[in-house]
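Please consider the following structure together with its sequence.

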Amino acid sequence: MSSKDNKAHLHRRTLLKRSAAVMLAGTGLGTLATFASNGHRKTSAVPFGADLGDAPFGFGVRKDAHSLTADSDDVRMYRDAVGWMKARSLENPLDPQGWAQHWAHHSIFCATNTFQYQVHYGWYFLPWHRAYLVNLEQKIRRILNEPTFALPYWDWTRNPTIPSWYFGENNPLNNTTRLQTAEDVLPADFLEVGPSLRAVKWHHFGGRPRIPGDLQVEGTLEQSVHNCVHNWIGGEMASFDGAGNDPVFQSHHGQVDRLWEAWRAQGGRFEPEEYEWQNHEFWFYGPNGLIETTRVGDTLDTERMGYRFDDLSYEHTLTPENTPVYDGSGVELGKLEPGSKELADIELVARGDGPGRVSLNYERMLLPMHPFHHRLFFLDEDGGATFVGTFTILPIPDLRRGLERRVTTQVEVPPQALDALLKSRRVRVVGVPVALKGRNIPVQPIPFTGVSLTVEA
Ligand code: C2O
């Protein structure tokens, strides 16, 4: 053991000891021993408070949810374990090994305006959710004593419907608040990953640093596909407090996590080097019910986290045929009139001469009370309209008290929209609210300071 390892080890020991003192009542084991739906008796493999050591338990290959059925091993195990955890929470809602506590953990870090806790709207989004999924995967492996269990991911670029095994009466994986069924199809523009995966810089892909007093900028992956799918599913998935209670969350985030791997696999793309990112620590209730910490820099190697994906490929969903068409409605958000220097830079990007990115920024918006889901268009002076992109901002409650509440979105201006901008040199930016099944979301724009354009090499 190197002295560095040793120090980390000792540090972890202290944390474990300290956490034992604040532990909430641990209930006895074995009360819900016969939960397995395959008829086999299953017991919790982890005595409460056991020291599990530092290494992740087991190793699993995460598979595409649509390639599995209700009888596949990973689905059956997932269902059994969630059922076990839910039953455990019925006995004691505060049980750190129960489902309610796992759900609450997401709410603490996601439905909060407390700057130090919030892990959305910025650069901790991807590593926090990676660690959250691993935490559940580890719990499930221990609960069932199944070291190869892996959480299935939902590749919505290929299969834009919720996997059917997430539905059904008495199915612990069901959530009755969803507004979509297994037959409803996600719109193609909600799922286009091009703008995220083309990003070369982390602050475009995964978000900007979160500095107290400064604005927060979501990464493209978070605010586009990630937020759009949450909002489309509706019900608890469309709110930060509720999302962790819907088991489909894990498969959605499995895909988001997989896209992070796909992004790095392109090469030439790097996570932040900053100390504040690399050494930031998250805490979770471990499989033994005690608090564990995860350092952001240690989340980068999934093999070390105990899993890998069966495959990293995806599809582009947007085609000329299904690209949204401007219907004349919506609100004008601002005008763009790039100067000649900017136009020259935009031309370079449009020609594909070297790396570069043009972003449309929706500056410093007040977090909305309802999900804010917009399609953006450029309108030129002759009334021609070009689709730019679709994004969602998810609300957090407690709007009036937070430390930081202004968020800036960054939407990549895709090639066709760059051409439109170069041609007319002056465009109006229009946002069209997206109507979703089962919801009546107010259409008025939320307070923000305006739109702007940034061109970066
Ligand atoms: Cu913490 Cu997909 O949200």
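**Strand, helices and chain**

Arg 364 is placed in strand S7; helices (H or I, at least four residues) and strands (E, at least two) are DSSP runs, numbered from the N terminus. The model is a predicted one, in which local features need pLDDT of at least 70 and side-chain atom pairs count only at pLDDT 80 or more, while totals for chains, interfaces and linings use all residues. Residues are numbered from 1 along each chain as its sequence is written, and side-chain values use heavy atoms, with hydrogens and water left out.

Although Arg 364 is not a glycine, its phi is positive, at about 45 degrees. With a relative accessible area of 34%, Arg 364 is partly exposed; buried means under 20% relative accessible area, exposed over 50%, and partly exposed in between (1.4 Å probe, protein chains only). Strand S7 (residues 357-366) also holds Ser 359, which counts as buried at 2% relative accessibility. Not counting residues up to four places away in sequence, Ser 359 touches His 204, Gln 410, Val 411, Val 413, Ser 452, Leu 453 and Thr 454, where contact means heavy atoms within 4.5 Å.

Among the helices, H8 (residues 248-265) has 18 residues and reaches 26 Å from its first C-alpha to its last, close to the 26 Å expected at 1.5 Å a residue. That expected span is 1.5 Å times one less than the number of residues. Because 16 of its 18 residues are buried, H8 is largely enclosed by the rest of the structure. Gly 267, which follows H8, has a positive phi near 85 degrees.

Helix H4 (residues 125-144) packs against H8 at an angle of about 130 degrees, with the axes 10 Å apart. Axes are lines fitted to C-alpha atoms, for helices over the stretch in contact, and angles run from 0 to 180 degrees between N-to-C directions. H4 and H8 are therefore oblique to each other: angles under 35 degrees count as roughly parallel, over 145 as roughly antiparallel, 65 to 115 as roughly perpendicular and the rest as oblique. From H4, the residues in this contact include Phe 125, Leu 126, Tyr 132 and Leu 136, and those from H8 include Phe 249, His 253, Val 256 and Trp 260. By class, the contact of H4 with H8 has nine nonpolar, four polar and three charged residues (Ala, Val, Leu, Ile, Met, Phe, Trp, Tyr, Cys and Pro count as nonpolar, Asp, Glu, Lys and Arg as charged, and the others, Gly among them, as polar).

H4 also meets helix H2 (residues 73-91), where the axes come within 10 Å and cross at roughly 90 degrees. H2 is thus roughly perpendicular to H4. Met 77, Tyr 78, Asp 80, Ala 81, Trp 84 and Met 85 of H2 make the contact with Leu 136, Lys 139, Ile 140, Ile 143 and Leu 144 of H4. Nine of these residues are nonpolar, none polar and two charged.

Within H4 lies Asn 135, buried at 7% relative accessibility. Leaving aside neighbours within four places in sequence, Asn 135 is in contact with His 102, Phe 284, Tyr 285 and Gly 286. Asn 145 is found in the loop between H4 and helix H5 (194-197), and is partly exposed, with a relative accessible area of 47%.

The protein chain has 11 helices and 12 strands, and 57% of its 457 residues count as buried.
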